[in-house]
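Please examine the sequence and the structure before reading on.

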Amino acid sequence: MNSAKLIDGKAAAQRVLTQVRADVEQLKAEGIAPALAVILVGQDPASQVYVRNKILRAEEAGIRSLEYRLSAQTSQHTLLTLIAELNADAAVSGILVQLPLPAHIEETRALQAIAPGKDVDGFHSDNVGGLSQGRAVLTPCTPSGCLQLLEEACGDLSGKHAVVIGRSNIVGKPMAALLLKAHCSVTVVHSRSTDAKALCQLADIVVAAVGRPRMIDASWLKPGAVVIDVGINRIDDNGRSRLVGDVDFDSALPQVSAITPVPGGVGPMTIAFLMKNTVTAARQQAHAQRSSPEAACRSIS
Ligand code: NDP
């Protein structure tokens with residue numbers, strides 16, 4: 001394999017986490033202890049793994065973690081009450097509700113209940129709106145991680161044509177907003193696009209967030225394109241279960257100038273940026289509290 005082309009997400013995430021640990025130390029020296037509350041409703045196996053990893057990374061970074069494991073039968077009212085309590089708790093810097101939620105709980109209600117200043121996933125409409133206006137707000141972790149990988153691989157992104165495949169609220173749309181903020185020309189393609197492949201062939205940068213194993217092969221890519229593969233798909237490979245991305249890595253590699261592997265690409269960056277957002281939230285809350293204790297109460301409510 002041509003390792004010179006490989007974008008190493010694990011190493012990049014370690015660099016982010018090293019900076020996070022230093023920032024946490026600095027904050028603690030100032031009397032500020034960042035804390036992340038993670039709420040899991042139900043027993044979805046993948047969600048349990050994600051939550052465990054988030055808690056572990058938080059502890060490694062020196063961030064206090066508060067874990068709330070609620071039964072799958074938990075009512076929406078109980079969940080909203082817990083979120084309101086965490087919003088009001090000055091010792092809690094960030095709140096994360098692990099998705100998906102059980103069907104009887106409205107996802108939007110739960111996400112909108114989190115105070116925007118503690119919304120470390122960046123899913124609250126205030127943060128979504130702020131991002132689309134190009135303001136500095138808490139930004140979704142996966143696209144933030146992708147942007148960092150792209151900046152490290154390409155340098156200045158200004159003027160590049162980026163094609164984002166997928167338009168979810170979690171990845172595709174915030175990714176497009178971040179690339180626009182970085183002065184790219186951005187095309188977003190989705191399941192109704194008439195010729196996603198032809199559009200993709202024009203791209204300097206491709207970010208694939210589809211959820212379809214190895215959908216994008218070399219024939220989709222311009223020679224020298226930089227490819228970020230967000231997809232995580234479990235496939236059966238001759239009786240062996242393994243993870244692959246949305247990009248056919250082996251086919252794409254000779255065609256691209258740089259590409260993320262799956263696993264070991266975007267995945268580690270997502271958790272690293274969750275920690276970074278928690279530190280940012282803690283710092284902003286402390287500054288708001290110092291400059292105006294009353295305004296701080298209003299800004300997190
Ligand atoms: P969603 O299912 O919410 O969105 C998928 C998007 O892909 C939709 O916008 C859909 O279009 C589009 N799409 C589906 N089929 C096609 C097609 N044939 N051509 C073009 N576009 C298509 O997924 P997510 O955004 O949440 O996640 C995408 C992938 O990224 C998944 O594999 C997920 O596991 C992974 N992921 C990885 C993370 C990480 O940390 N590495 C974090 C989050 C997600 P339409 O809107 O029209 O339906």
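Does cysteine 184 count as buried or exposed? Cysteine 184 counts as buried, at 5% relative accessibility, where buried means under 20% relative accessible area and exposed over 50%, with partly exposed in between (1.4 Å probe, protein chains only). The model is predicted, so local features need pLDDT of at least 70 and side-chain atom pairs pLDDT 80 or more, while totals for chains, interfaces and linings use all residues. Residues are numbered from 1 along each chain as its sequence is written, and side-chain values use heavy atoms, without hydrogens and water.

**Cysteines**

The structure holds zero disulfides, a disulfide being a pair of cysteine sulfur atoms within 2.5 Å. Cysteine 184 is in no disulfide, and the nearest cysteine sulfur, that of cysteine 154, is 8.2 Å away. For cysteine 146, also in no disulfide, the nearest cysteine sulfur belongs to cysteine 141, 11 Å away. Cysteine 146 is buried, with a relative accessible area of 0%.

**The ligand**

Around the ligand there are 20 residues, counted when one of their heavy atoms lies within 4 Å of it. Among those that come nearest are Arg212 and Thr270.

| Residue | Distance to ligand oxygen |
|---|---|
| Arginine 167 | 2.8 Å |
| Serine 168 | 2.5 Å |
| Serine 191 | 2.5 Å |

Taken alone, the ligand exposes 930 Å², and the protein buries 70% of that (Shrake-Rupley method, 1.4 Å probe).

Conventions:
Polar contact = N/O pair within 3.5 Å; in protein donor to acceptor, adjacent residues only side chain to side chain.
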